[in-house]
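User: Please take one part of this model and walk me through its surroundings in detail, in a single connected account. I would like every cut-off stated where the term is used.

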Amino acid sequence: MALVFAGICSHAPGITGRAERAEPTIRDAFYAELDRMRRAIEDSGAEALVVVAAEHFANFFMNNMPAYAMGMGEDYEGPIEDPDWLGIPRTTIPGNPDLSKRIITEVMQSVDVAYAQEWKMDHGIMVPLHFLTPKYDLDIIPVNINCQGPPLTPLSRVWEFGRALRRACDAVPEKIAVVGTGGISHWPATPNSGKIVEDWDRDYLDAWVANDKDRLLAYSDEDTLKDAGQGGFEIRTLTAISGLCEGARGDLWFYAPIPIFSVGCTVASMDIIPHVNDMAAE
Amino acid sequence: MSLYYVQKLLYNLNRDTAVQSLFRTDIDALLGQYKLTDDEKSWLKNGDVGELYIHGVNGQILMHYAAFIGHEWDEYIQAMKDGLEKHGQVRDGIYRAVDGGAGGAV
């Protein structure tokens with residue numbers, strides 16, 4: 001069983017870029033849970049971290065937009081944003097092309113993905129890495145699910161992508177951690193930035209913790225846009241972790257709306273148990 | 001509105017230092033590389049975030065352009081609110097405002 005850790009967290013640029021404007025008590029409680037996730041990944045013995053993210057036009061545009069893309073580079077650079085704007089210095093992030101190739105090859109057995117040997121990381125990955133691997137000393141495999149330029153991949157396919165990624169992680173000898181990172185309800189970078197619908201978020205997170213496939217796949221993009229904003233499309237990154245850990249339950253470590261961060265800030269993990277695919281085979 | 005090309009220019013601007021340099025040294029040459037209307041060229045030259053927003057530029061692209069031309073976060077949010085008030089709801093794309101653009105964390 002090569003998957004050793006799975007979880008989710010938020011990635012909004014305000015988390016680091018507007019840190020001083022958040023209420024300190026709630027901000028620091030959020031940061032403490034992100035640091036708890038850092039320790040959990042370290043304690044798991046993970047040799048690589050797969051980050052399932054929703055980038056914001058850092059590498060992919062509507063001239064050739066993949067539904068799914070995975071990194072296969074020696075290293076990556078980030079952040080693409082102004083480091084002062086984001087509050088994260090520009091750096092080089094280590095990759096592992098051999099491991100990437102083996103994982104991508106296995107994922108492709110059931111889900112078509114693009115691959116990229118160059119990748120400029122934006123806040124969607126840099127903010128999680130800032131907290132989870134602050135020394136940038138763990139090999140990273142970036143994954144992007146298009147959540148910005150419709151048409152978007154259906155949630156049922158997101159689930160299958162998570163299942164395929166699990167099969168790939170379990171097929172390699174290395175210990176792999178996987179973190180999904182995206183927002184729940186939010187209207188980022190709009191005049192409504194800071195609007196958060198806590199009830200919608202908690203309903204989604206209840207389904208996520210229960211790993212209730214029927215509920216998680218029942219969200220329509222039309223309703224999500226209406227009720228949770230364009231940022232709500234990023235639930236794809238979180239639901240992918242549910243597919244990755246099909247049959248397991250989640251544990252919500254932290255949730256609190258922090259409007260100046262533009263999102264309900266979330267940290268959660270999934271139990272690591274044999275995947276339902278493996279159990280069915282036994 | 002050639003939204004696609006406005007966004008394509010801003011996508012390249014946000015990720016390519018050579019494009020950023022050309023924007024600062026010869027913006028007309030840069031704008032000439034894309035199929036843009038005269039209005040679009042004017043909005044981009046004059047930093048009219050409100051017009052670009054209500055014509056559908058995705059906020060994830062627009063906010064970095066705004067930072068690049070010197071807008072602080074609150075100025076960026078206010079420029080979009082001003083655009084809404086002056087010109088009405090967003091015409092295209094998925095980054096439409098809700099609640100009349102009211103609220104937020106500014």
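Analyst: Met108(A) lies in the loop between α4 and β6 of chain A, where helices (H or I, at least four residues) and strands (E, at least two) are DSSP runs numbered from the N terminus. This is a predicted model, in which local features need pLDDT of at least 70 and side-chain atom pairs count only at pLDDT 80 or more, while totals for chains, interfaces and linings use all residues. Residues are numbered from 1 along each chain as its sequence is written, chains are lettered from A and ligands numbered from 1 in the order in which they are written, and side-chain values use heavy atoms, with hydrogens and water left out.

At 36% relative accessibility, Met108(A) counts as partly exposed (buried is under 20% relative accessible area, exposed over 50%, and partly exposed in between, with a 1.4 Å probe and protein chains only). Leaving out residues up to four places away in sequence, Met108(A) touches Val113(A) and Tyr115(A), contact being heavy atoms within 4.5 Å. Between Met108(A) and Leu165(A) the C-alpha to C-alpha distance is 9.3 Å, although 57 residues separate them in sequence.

Leu165(A) also belongs to the contact between two helices: Ile103(A), Glu106(A) and Val107(A) in α4(A) meet Phe161(A), Ala164(A), Leu165(A), Arg167(A), Ala168(A) and Ala171(A) in α6(A). By class, this contact of α4(A) with α6(A) has seven nonpolar, no polar and two charged residues (Ala, Val, Leu, Ile, Met, Phe, Trp, Tyr, Cys and Pro count as nonpolar, Asp, Glu, Lys and Arg as charged, and the others, Gly among them, as polar). The axes of α4 (residues 97-107) and α6 (residues 155-171) of chain A come within 8 Å and cross at roughly 135 degrees, which makes α4(A) oblique to α6(A). Here axes are lines fitted to C-alpha atoms, for helices over the stretch in contact, and angles run from 0 to 180 degrees between N-to-C directions; under 35 degrees counts as roughly parallel, over 145 as roughly antiparallel, 65 to 115 as roughly perpendicular and the rest as oblique.

By class, the contact of α6(A) with α10(A) has eight nonpolar, four polar and three charged residues.

Elsewhere in chain A, Arg38(A) is found in helix α2 (residues 24-43). With a relative accessible area of 18%, Arg38(A) is buried, and, its neighbours within four places in sequence set aside, Arg38(A) is in contact with Phe131(A), Leu132(A) and Pro134(A).
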